[in-house]
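Opening the notebook on a new model today. I'll jot down what I look up as I go, one topic per entry.

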Amino acid sequence: MPRINDSITEGQSTKLAAEAIRELCSVVGEQNVLWHPSDLMVYECDGYTIAKHRPDAVVFPSDTQQVAAVARICHRHKIPMLPRGAGTSLAGGCVPLGGGLVIMLTRMTRILEIDLRNRFAVVEAGVRNTQLARALVGSGYHFAPDPSSQTASTIGGNVATNAGGPHTLKYGVTVNHVLGVEAVLADGSIVQHGPVVDPGMLDLCGVLTGSEGTLAIVTKIWVRLTPLPSALRTLRVAFPTVEDATEAVSEIIAAGLIPAALELMDRGILEAVEAAFQFGFPLDVGAVLVIELDGEEASLEEELQITRRICERWNAREILLANSPEERERLWKCRKSAVAAVGRLSPSYCIQDGVVPRTKLPQIVKKVQKISQEFNIRIVNVAHAGDGNIHPIFLFDEREPAQVDRVLEAGRQVLEECIALGGSITAEHGVGVEKLHLMREQYRPEDLTAMRRLREAFNPDGLLTPGKLVPDERSLEWLGTYPRIGGAP
């Protein structure tokens with residue numbers, strides 16, 4: 001790492017003032033501040049690799065007090081700042097529009113408390129989902145949200161995007177499991193919100209959860225712990241077509257069942273997963289559903305039989321039941337490995353995220369297939385089908401600008417169809433950069449105005465995650481430099 005006086009004072013490696021860099025180093029240590037261009041390249045994008053914008057510096061605080069001190073420095077020097085976790089965002093949520101400082105929370109990894117009697121845990125923002133899961137082994141409890149990136153994703157990142165996952169059909173998304181937060185505001189002040197923190201105060205956890213870092217930097221979270229189910233039934237069901245699978249999903253829900261999970265993978269994904277991991281998938285089918293039922297043993301057998309009959313009505317070719325914890329784990333590994341296996345299909349891919357009412361799943365699936373043909377883009381599909389959350393994966397070569405253009409326009413049309421069907425442009429990935437230009441289609445002007453006023457109440461100078469979530473003149477000006485991402489409408 002270059003020393004401060006070797007690079008910063010010459011003004012050749014960062015747009016930040018040397019004084020600001022020195023102050024940051026005094027707070028977290030020089031070894032925990034990056035400012036050289038070669039170091040910053042790692043932080044110019046996240047899982048949405050189409051959008052890239054290099055920050056001016058990156059800092060690694062180790063606790064809330066350091067985050068607050070960093071925020072105060074930024075506030076004093078008018079430096080834009082953006083919090084970042086593991087960088088698994090698939091919508092460009094970690095891209096620092098306008099440069100500035102990226103505040104990495106990945107070293108804040110302490111599990112501070114596990115209170116089984118009161119069913120909550122207190123964790124720092126950099127704690128990974130699987131880290132908490134391992135700490136709870138044998139306790140009879142778990143943290144229910146389980147994004148597919150859970151081996152890497154952090155709970156702070158889950159809060160930022162209100163992340164979901166396969167089991168949110170029954171257990172809900174992140175906001176349903178957040179009891180309180182500690183957060184740093186843009187001016188460096190530290191606040192706590194939530195009924196566990198102080199039952200008598202206004203509960204703003206729901207406001208901060210899903211705000212994508214535009215209101216505050218969440219540094220500590222009180223999370224709800226949910227008892228593990230006493231019994232499980234996990235199925236893998238193969239269907240001739242995606243349409244058959246989605247119709248079965250709709251009928252299962254209509255029958256009054258609430259499975260813990262209803263996950264869909266189409267033939268393209270099955271081929272990739274099978275080539276990578278040899279799970280024994282049938283490759284002559286159109287789609288596979290992974291269905292999990294949980295609850296009391298006495299009721300599960302009846303639910304299992306109802307599910308079987310519905311799947312058979314929709315032409316199920318094969319119904320396999322996991323007969324041991326090892327078989328169940330293998331079934332879930334095949335689903336959680338789906339995105340990782342896509343790299344075998346294409347040099348680049350973009351994972352879309354939209355949601356429609358469950359009954360509209362067949363329509364959106366057909367629309368995705370039509371868009372694939374119209375734009376000559378291969379699209380493979382995974383979906384949290386039980387809650388109408390689709391994840392079409394666009395396969396392309398990022399080195400070919402024309403392909404990137406087609407992918408982005410195709411993605412826009414998929415999301416516009418989600419809106420037309422009564423759904424939303426995002427279920428769990430957030431808005432980030434990718435969907436910012438669609439917020440004006442999703443919401444009325446007065447709704448966006450209310451969101452801006454809320455943001456200004458928390459973040460009056462606009463220094464915290466500027467240009468994100470709610471479109472404004474500044475964000476659209478920045479997006480105009482990325483015409484392939486949408487630019488100004």
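This is a predicted model: local features need pLDDT of at least 70, side-chain atom pairs count only at pLDDT 80 or more; totals for chains, interfaces and linings use all residues.

**Entry 1**

Between them, domain 2 and domain 4 bury about 940 Å², and 76% of that is on carbon and sulfur atoms. I then asked which three residues supply 53% of the area that domain 2 buries against domain 4.

For the bounds I went to the domain assignment, which gives domain 2 as 111-227 and domain 4 as 436-485. The assignment also has domain 1 at 4-104 and domain 3 at 230-341. I put the C-alpha centres of domain 2 and domain 4 at 25 Å apart. For contacts, I get 13 residues of domain 2 against 8 residues of domain 4.

Next I wanted the polar side of this interface. How many salt bridges are there between domain 2 and domain 4? The count is 0. I do find 2 residue pairs in polar contact across the interface of domain 2 and domain 4, both at pLDDT 80 or more. On the side of domain 2 that touches domain 4, I sorted the residues into 8 nonpolar, 4 polar and 1 charged.

**Entry 2: salt bridges**

Side chains of opposite charge can pair when their charged atoms come close. I get 20 salt bridges in the structure, and I followed up three of them.

One of them joins the side chains of R76 and E23, at 2.7 Å from N to O. R76 sits in helix 4 (residues 64-77) and E23 in helix 2 (residues 18-28), so this pair ties together parts 53 residues apart in sequence. Are the two partners buried or exposed? I note R76 as exposed because its relative accessibility is 52%, and E23 as buried because its value is 17%.

Another pairs R233 with E297, side chain to side chain, at 2.2 Å from N to O. Here strand 12 (residues 231-239) holds R233 and helix 11 (residues 297-313) holds E297, so the pair ties together parts 64 residues apart in sequence. R233 counts as buried at 14% relative accessibility, while E297 is partly exposed at 43%. I also see that R233 and E297 are linked with E301 in a network of salt bridges.

**Entry 3: T426 in its loop**

I went to T426, in the loop between helix 15 (401-420) and helix 16 (439-442). Which backbone nitrogens does the side chain of T426 reach? I find the backbone nitrogen of G430 at 3.0 Å and the backbone nitrogen of H429 at 3.3 Å from a polar atom of that side chain.

I note T426 as buried because its relative accessible area is 19%, under the 20% cut-off. Leaving aside neighbours within four places in sequence, I list D353, G354, V355, V431 and K435 as the contacts of T426.

**Entry 4: positive phi**

Most residues other than glycine have a negative phi, so I looked for exceptions. K78 has a positive phi, near 60°. I place K78 in the loop between helix 4 and strand 3 (81-84), and K78 counts as exposed at 51% relative accessibility.

N162 also has a positive phi, about 55°, although it is not a glycine. I find N162 in the loop between helix 6 (155-161) and helix 7 (168-171). Buried or exposed? N162 is buried, with a relative accessible area of 19%.

**Entry 5: H142**

Last, I looked up H142, which lies in strand 7 (residues 141-142). Not counting residues up to four places away in sequence, H142 touches L136, R224, L225, T226, P227 and L228. I also checked H142 against W222: they are 80 residues apart along the chain, with 14 Å between their C-alpha atoms.

Definitions and conventions
Residues are numbered from 1 along each chain as its sequence is written. Side-chain values use heavy atoms; hydrogens and water are left out. Helices (H or I, at least four residues) and strands (E, at least two) are DSSP runs, numbered from the N terminus. Buried means under 20% relative accessible area, exposed over 50%, partly exposed in between (1.4 Å probe, protein chains only). A polar contact is a pair of N or O atoms within 3.5 Å; within protein, one must be able to donate a hydrogen and the other to accept it, and residues adjacent in sequence count only if both atoms are side-chain atoms. Contact means heavy atoms within 4.5 Å. A salt bridge is a side-chain nitrogen of Lys or Arg within 4 Å of a carboxyl oxygen of Asp or Glu. Domain bounds come from an automatic or database domain assignment. Buried area is the accessible area (1.4 Å probe) that two parts lose on being put together, summed over both. Ala, Val, Leu, Ile, Met, Phe, Trp, Tyr, Cys and Pro count as nonpolar, Asp, Glu, Lys and Arg as charged, and the others, Gly among them, as polar.
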